[in-house]
Amino acid sequence: MFSQFFGNYLLKKKKITKDQFSSCMEYMRANRVKLGLVAESEGLITRKQADELNRLQMQTDKRFGDLAIERGYLTDTDISHLLQLQGSPYLIFVQALEENNILHRDETMKLVSDFQKESGLTNTALEAIKCGDFDRLLPTFAAVEKEEYLILMSLALRNIVRFVSPYIRLKTAKKVTQYSASYIAFQRTIGAYDGFLGFASDDNAILSIADGFAGEYFEEPDIDALDAVGEFTNCINGLRATELSYQEIPIDMLPPEFLFHSSVKDSDGFYILPIYITGKKVDMIIKC
């Protein structure tokens, strides 16, 4: 998630090109964060110590962690903690920018600070973007009247990351009473929560969900593609229904609906949350 938010900022500021951004994404798919960068980011060692250990690695056949322990810079406990953080998407992107000779780490850190200020992000929101924590991030993008909206949005986003793509970013949600799009797939729920959840787009961006969830390629947003999106929505609502059942809150799911060049209306209002999945805009439509 961080790569999409910050990468889009760098593109707008012309700090990187589209080709450079693509090369960073390829790097992220193929690499893990170097232990030294994680240790430095966590404040466990200094840049000077990290550089020293990197030089030593070039002179001896020893791992970074082993050398750090020998030098007394880190403990076994520190190493165990750092190994758990090695998959950090934030640090992988920072490393990708540096190792692809696009931005030096110091310049990247300055730009991250600028990104936070210009985006109006709190420290909590920035940290949530860095670690992909939707529960903490969503209040920044969705000013909703009921917590149930945030719970369902967060569940949907986690499943997009799990089943579709981890490379997403958000725009501010808005409340509407009518919404129109070329392609809409959604599912209504009845019972304790009468509402609906779905996804829509005006172009073939909705295929990013269909392709990712179904594990196949759809040439166009036809009924088969929207059926795949409907199944994804059904999966999310199924998880929600299961969780609510533990609280003895009953909801039932109706069959998914598919609309072409049409509208969804509700006089009480519902929310539209724009989601960019690998750069393609898909709208989540949601009412609880």
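Strand β6 (residues 280-287) is largely enclosed by the rest of the structure, because six of its eight residues are buried. Here buried means under 20% relative accessible area, exposed means over 50%, and partly exposed lies in between, using a 1.4 Å probe and protein chains only. Strands are DSSP runs of E with at least two residues, helices are runs of H or I with at least four, and both are numbered from the N terminus.

A quick note on what you're looking at: this is a predicted model, where local features need pLDDT of at least 70, side-chain atom pairs count only at pLDDT 80 or more, and totals for chains, interfaces and linings use all residues. Residues are numbered from 1 along each chain as its sequence is written, and side-chain values use heavy atoms, with hydrogens and water left out.

| Partner of β6 | Sense | Bridges | A residue pair |
|---|---|---|---|
| β3 (residues 195-201) | antiparallel | five | G198 opposite I285 |
| β5 (residues 257-277) | antiparallel | seven | L273 with M284 |

With β5, strand β6 also makes a hairpin that has two residues between the strands. T278, in that turn, has a positive phi of about 45°.

R169 is buried yet has no salt bridge, and D283, the nearest side chain of opposite charge, is 11 Å away. For that call, Lys and Arg count as positive, Asp and Glu as negative, and His and the chain ends are not counted. A salt bridge needs a side-chain nitrogen of Lys or Arg within 4 Å of a carboxyl oxygen of Asp or Glu.

What R169 does have is a 3.3 Å polar contact between its side chain and that of N8. A polar contact is a pair of N or O atoms within 3.5 Å; within protein, one must be able to donate a hydrogen and the other to accept it, and residues adjacent in sequence count only if both atoms are side-chain atoms. Leaving out residues up to four places away in sequence, R169 touches Q4, F5, N8, P274, I275 and Y276, with contact meaning heavy atoms within 4.5 Å.

D114 is buried, at 17% relative accessible area, and its side chain makes a 2.9 Å polar contact with the side chain of K110.

Zooming out, the chain has 13 helices and six strands, and buried residues make up 48% of its 288 residues.

Notes. Pairing = 2+ DSSP bridges.
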